[in-house]
Amino acid sequence: MTARLDEKLQPIFQDVLHRNPGESEFHQAVHEVLETLGPVLVKYPEFADKKIIQRICEPERQIIFRVPWQDDSGEIHINRAFRVEFNSALGPYKGGMRFHPSVYLGIIKFLGFEQIFKNALTGLPIGGGKGGSDFDPKGRSDDEIMRFCQSLMTELYRHLGQYTDVPAGDIGVGGREIGYLFGQYKRITNRYESGVFTGKGLEWGGSCARTEATGYGTVFFTHEMLKARGDSLEGKTVVVSGSGNVAIYAIEKAHELGATVIACSDSGGMIVHEKGIDLQTLRLIKEVERRRISAYTEFHKDARYVENGNIWTVPCDVALPCATQNELNGKDARTLVENGCIAVAEGANMPTTPEGIDIFQNARLAYGPGKAANAGGVATSALEMQQNASRDSWSFDYTQKRLEEIMIDIHKNCYETAAEFGLEGNYVVGANVSGFLRVARAMNAMGVI
């Protein structure tokens, strides 16, 4: 993993490994950024002198605590929760909360590290952070989830604030969970501090288009990548991994822009529907009935369900990984390239392994990394914070227009930054370097803190 690093960056990465043992996802995220920064230190040696990279790689604050709660039968459970407040050079820490059994410190640190650069790319005044718990909301009643959220917030509230740290949702944390978390925060603090959470319900301070933002933003970014090559999404076939919030709205926007999404998935398998995935059915199954995607064939006999199927084997023009980290490996990437895929944009965080990224870049297809392609979610969260601060409410159309403008700007900055460093079309370099420079300049201006 370390062979491609610039000699100035190799000891920095070794120090990260030494100080953060066993956190493989965090190591991967750091390495992926560091391998693009060698030319930056040549052009801006002051960042090396001030040890900006070392300071970015060390979170400003890491909070770990237990969350005891009682289920409906009276049994007591103890979960572990985390909040990593990674970098506040550009604004209050901003990043979601993830509830999933896989959550541990390394996952939260990888997500928080990515969030620093993603948030910087939006051009909005937000720093990077992330949180979560190994609690599994699947199969739990509303009352059990409420009690868990209230217990978690009883500890976490002291670390939050609209000018300090602003959480949002992520995997396992939707509108229901945000409601319970915000309600407990309000009760404990005796303040209706709307801007301390984003992803809220529309009736109590939420933003129109926030639910759709990550999926929409990923497709907007994909469209911009294709446009830069004189192409568009019109008439393209698309596969989307996942069938949650991000995937559903990526499918919706892809259809609106003239593409046909022919496959999507969940942890049990995949659906292939050559006519195009029917969104109404998908929403019913996933958002209302909360069933497995295999139920899709009950409504569409011409679709096929493949248990444990690999969605990346379905031939397509565009692939949108929208499920979870490291879901697309080198073998999958080769298959996509061989099947004629021309663009990949990440709706999830770090869904492609390093080997997969290398294959995409060597094949010179349009590859949009998550910190750029899925920044629409956090960008719209920042817009929600703006609305809360001004006691205002914006329309869906206005918010979506702002989102599209932000994604166009992110693409432009990534494209131009990559070109500046002699790697035109390399969105990995463009996203990493553009985000890094904004954070580094702010850190440098504020001194050694």
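The model is a predicted one. Which residues make that bridge? I found the side chains of Lys109 and Glu23 meeting at 2.8 Å, N to O.

Next I asked which elements of domain 1 give two or more residues to the side that touches domain 2. They are helix H2 (24-34) and helix H5 (52-57). H2 supplies the largest share of that side, seven residues.

**Domains**

I then stepped back to the division of the chain. Domain 1 covers 8-57, domain 2 covers 61-189 and domain 3 covers 212-373. The C-alpha centres of domain 1 and domain 2 are 26 Å apart. I counted who takes part in the contact: 12 residues come from domain 1 and 12 residues from domain 2.

How much area do domain 1 and domain 2 bury between them? I noted about 990 Å², with 67% of it on carbon and sulfur atoms. On the domain 1 side, Glu25, Phe26 and Ile56 lose the most area to domain 2. Together these three account for 50% of what that side buries.

**Salt bridges, whole structure**

I widened the search to the whole structure and got 29 salt bridges. The pair of Glu23 and Lys109 turned up again, at 2.8 Å from N to O. I checked where the two residues sit. Glu23 is in the loop between helix H1 (10-19) and H2, while Lys109 is in helix H6 (residues 105-121), so the pair ties together parts 86 residues apart in sequence.

I looked up the five-strand sheet next. It is open, its order is E1-E2-E4-E3-E5, and its pairing is mixed. Strand E1 (61-70) and E5 stand at the edges with a single partner strand each, so one side of each has no neighbour in the sheet. Neighbouring strands here are turned by 20 degrees against each other on average, direction ignored.

I followed E1 to its partner. E1 and strand E2 (residues 76-87) pair in the antiparallel sense over 10 bridges. Within this pair, Val67 stands opposite Asn79 in E2. What lies across the sheet strands? I found helix H7 (residues 142-156) across E1, E2, strand E3 (93-99) and strand E4 (127-133). H7 runs at about 140 degrees to E1.

**Asp170**

Asp170 sits in the loop between strand E5 (165-168) and helix H8 (175-189). Its side chain joins that of Arg98 in a polar contact of 2.6 Å. Leaving aside neighbours within four places in sequence, I listed the contacts of Asp170 as Gly96, Met97, Arg98, Lys130 and Asn349.

**Seven-strand sheet**

My last entry is the other sheet. Seven strands form it, open and mixed, in the order E9-E8-E7-E6-E10-E11-E12. Which strands are the edges? They are strand E9 (304-307) and strand E12 (366-368), each pairing on one side only. Neighbouring strands of this sheet are turned by 15 degrees against each other on average, direction ignored.

I picked out one pair inside it. Strand E10 (residues 318-321) and strand E11 (residues 343-345) run parallel and are joined by two bridges. There I found Ala319 opposite Val344 in E11.

Technical notes. Residues are numbered from 1 along each chain as its sequence is written. This is a predicted model: local features need pLDDT of at least 70, side-chain atom pairs count only at pLDDT 80 or more; totals for chains, interfaces and linings use all residues. Side-chain values use heavy atoms; hydrogens and water are left out. Two strands pair if DSSP finds at least two bridges between them. Helices (H or I, at least four residues) and strands (E, at least two) are DSSP runs, numbered from the N terminus. Axes are lines fitted to C-alpha atoms, for helices over the stretch in contact, and angles run from 0 to 180 degrees between N-to-C directions. Domain bounds come from an automatic or database domain assignment. Contact means heavy atoms within 4.5 Å. Buried area is the accessible area (1.4 Å probe) that two parts lose on being put together, summed over both. A salt bridge is a side-chain nitrogen of Lys or Arg within 4 Å of a carboxyl oxygen of Asp or Glu. A polar contact is a pair of N or O atoms within 3.5 Å; within protein, one must be able to donate a hydrogen and the other to accept it, and residues adjacent in sequence count only if both atoms are side-chain atoms.
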